[in-house]
Every structure is written in structure tokens, then in C-alpha cells.
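These entries record what I looked up in the structure below. I began with charged pairs and then turned to nonpolar packing.

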Amino acid sequence: GTAGFTNGIMLGRTRPVLDTVLANVQVDTKIKIRDMKIFGSSTLIGIELQGCFGVVYENIEFWDLGDAAICNFQINGKMDNCYVSNCVRGIYVGYLPGLNPSFYQSNHFRILSTRVLCLPSPSPTTYAFKFVGVSGGVVDHCIIEGKQCVNGIDFDGENSTVVKDFT
């Protein structure tokens with residue numbers, strides 16, 4: 001169940017306020033999360049940190065969750081050597097929902113050496129990695145495997161003129 005977790009988020013951070021100056025102050029906070037195992041259920045989100053600069057996720061295992069990680073408004077962040085197993089959705093990188101991506105988008109977020117083991121059918125994993133309105137997104141040396149995954153890497157620039165470069 002979700003008892004003890006705010007809005008079904010196991011490790012979260014409050015969304016930045018809708019003021020550019022205050023949001024940029026919050027984004028200046030550096031966070032490093034490493035060497036964790038997060039177990040849950042399909043109704044939970046493993047990690048949802050919004051508004052970070054230089055965040056590092058390292059050696060994290062996500063097991064049996066709805067969303068492994070939601071990374072919105074993250075600048076120069078990195079997910080390295082992580083493992084996602086049997087989650088409905090993998091790792092999502094995007095901008096703050098409902099706001100202009102040109103001000104609140106993620107920039108230069110890298111997913112490196114991360115493995116996603118998808119759910120078996122008839123309930124396939126929706127995506128392993130999803131980037132929405134992100135500039136400078138990178139997926140490198142990753143493994144997507146399992147019985148079924150609808151989209152391995154899902155990229156959507158959302159017709160934004162400020163979204164550039166995806167590798």
C-alpha cells in the first residue's frame with residue numbers, strides 16, 4: 001500500500017514554486033542518491049525529485065513499482081548504473097507539467113549503464129526511458145530487456161523550439 005508515503009512517492013521532493021527566481025534557487029540544490037534498493041507496488045513512484053541541478057542517481061535498484069523514477073526540471077543530472085525490474089514505467093525525464101518547457105525543462109540529463117528488465121505480457125512495461133521536452137538528453141550503454149516493452153526509448157520534443165540534441 002501507500003501508507004506512510006506522500007502521494008504514493010517513496011522518495012520525493014516538493015515541486016518548485018511557479019516563480020522563476022525561487023525556482024532557480026531550488027534548482028541550485030545538489031543531491032546525490034546512491035546504493036539503494038527501492039521495493040514497492042504498481043501504485044507507487046520510487047523517486048520523484050523535481051527541480052535539481054547536478055543530481056546524481058547511482059547504483060539504485062527499483063523493483064515492482066508503477067514508476068521507477070520521475071525526473072522533472074533537472075539540469076546536468078545523471079543516472080548511472082541503476083537497475084529497473086518489473087516496473088510499469090521506467091525512467092521519465094521532463095519539464096514541470098503545465099509549465100512552459102523553455103523555462104522549466106530538463107537539460108543535459110544522462111542515463112548511463114542502466115538496465116531495465118520489463119514486465120512480462122499481458123501487462124507490458126510502457127517505456128524503459130522517456131524524455132519529454134528535454135534538451136541534451138543522453139541514453140548510453142544501457143540495456144532494455146524482458147518479455148515486452150511498448151517503447152524502449154520514447155522521445156517527444158513536444159514541438160518546442162527550445163528542445164535540442166538527443167543522443
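I took a salt bridge to be a side-chain nitrogen of Lys or Arg within 4 Å of a carboxyl oxygen of Asp or Glu. The model is predicted, so I noted that local features need pLDDT of at least 70 and side-chain atom pairs pLDDT 80 or more, while totals for chains, interfaces and linings use all residues. Residues are numbered from 1 along each chain as its sequence is written, and side-chain values use heavy atoms, without hydrogens or water.

Entry 1, salt bridges. I found 5 salt bridges by this rule. A network of them links Arg 34, Asp 35 and Glu 58. Within it, the closest N and O atoms of Arg 34 and Asp 35 are 3.8 Å apart.

I checked burial (buried is under 20% relative accessible area, exposed over 50%, partly exposed in between; 1.4 Å probe, protein chains only). Asp 67 is buried at 10%, whereas Arg 89 is partly exposed at 26%.

I used buried Ala, Val, Leu, Ile, Met, Phe, Trp, Tyr and Cys residues joined through side-chain atoms within 4.5 Å. The largest core has 29 residues, of which Tyr 57, Phe 62 and Met 79 touch the most other members. Another core, apart from it, has 7 residues, including Ile 9 and Tyr 92.
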